[in-house]
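User: I would like to go through the strands and the core of this protein and hear the grounds for each label.

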Amino acid sequence: MITTIRVAQEFSRFPAGRFVQDGPFSGELFRRKFLEPAFRMAEKVVVDLDGARGYGSSFLEEAFGGLVRLGIPKHDVKGKLEIQATNSSLKVEILDYIDKAVPVSVTH
């Protein structure tokens, strides 16, 4: 199954901020509401970034790098994720955030 998420139409044309407390359309909220469920259920997750007024680094890092911190292996994130964007630098930026994200280790 393929899940397509159109950020501007389904979430906001004005995504901004890292955490929920930073505003109503944060990367954390986007990850929780859209990316996490899609990654649990779909074989492929297509994220269409066109139509929004822009993306801050904190939004993108929290949304996509945050998947790795939740314990989804980087190769799984990159294997399932397809970024659609007229601005091709967004894809490069997102892949960089995924590569640099450090999984949170659980110690007992």
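Analyst: Two strands count as paired if DSSP finds at least two bridges between them. The model is predicted, and in it an open sheet of 3 strands runs in the order E1-E2-E3, with parallel pairing.

User: What makes E1 and E3 edge strands?

Analyst: Strand E1 (2-6) and E3 each have a single partner strand, so one side of each lacks a neighbour in the sheet. From one strand to the next, the twist averages 20°.

User: Why do the side chains of E3 alternate, and which of them are buried?

Analyst: In a regular strand, side chains alternate between the two faces of the sheet. Along E3 (residues 81-84), Leu-81 and Ile-83 point to one face and are buried, which means under 20% relative accessible area.

User: Why is the set of 29 residues called a nonpolar core?

Analyst: The name applies because such a set consists of buried residues of the listed nonpolar types, joined through side-chain atoms within 4.5 Å. The largest one here has 29 residues, and Phe-30, Leu-35, Val-47 and Phe-64 have the most contacts inside it. Helix H3 (57-69) is one of the elements giving two or more residues, and the largest share, 6 residues, comes from H3.

User: Which residues does Leu-35 touch?

Analyst: Leaving out residues up to four places away in sequence, Leu-35 touches Ile-5, Phe-30, Val-47, Ala-63, Phe-64 and Leu-67.

Terms used:
Residues numbered from 1 in each chain as written. Predicted model: local features only at pLDDT ≥ 70, side-chain atom pairs only at ≥ 80, totals over all residues. Heavy atoms only, no water. Buried < 20%, exposed > 50% of the residue type's maximum accessible area, 1.4 Å probe, protein only. Helix = DSSP H or I, 4+ residues; strand = E, 2+ residues; numbered from the N terminus. Axes fitted to C-alpha atoms, helices over the stretch in contact; angles between N-to-C directions. Contact = heavy atoms within 4.5 Å.
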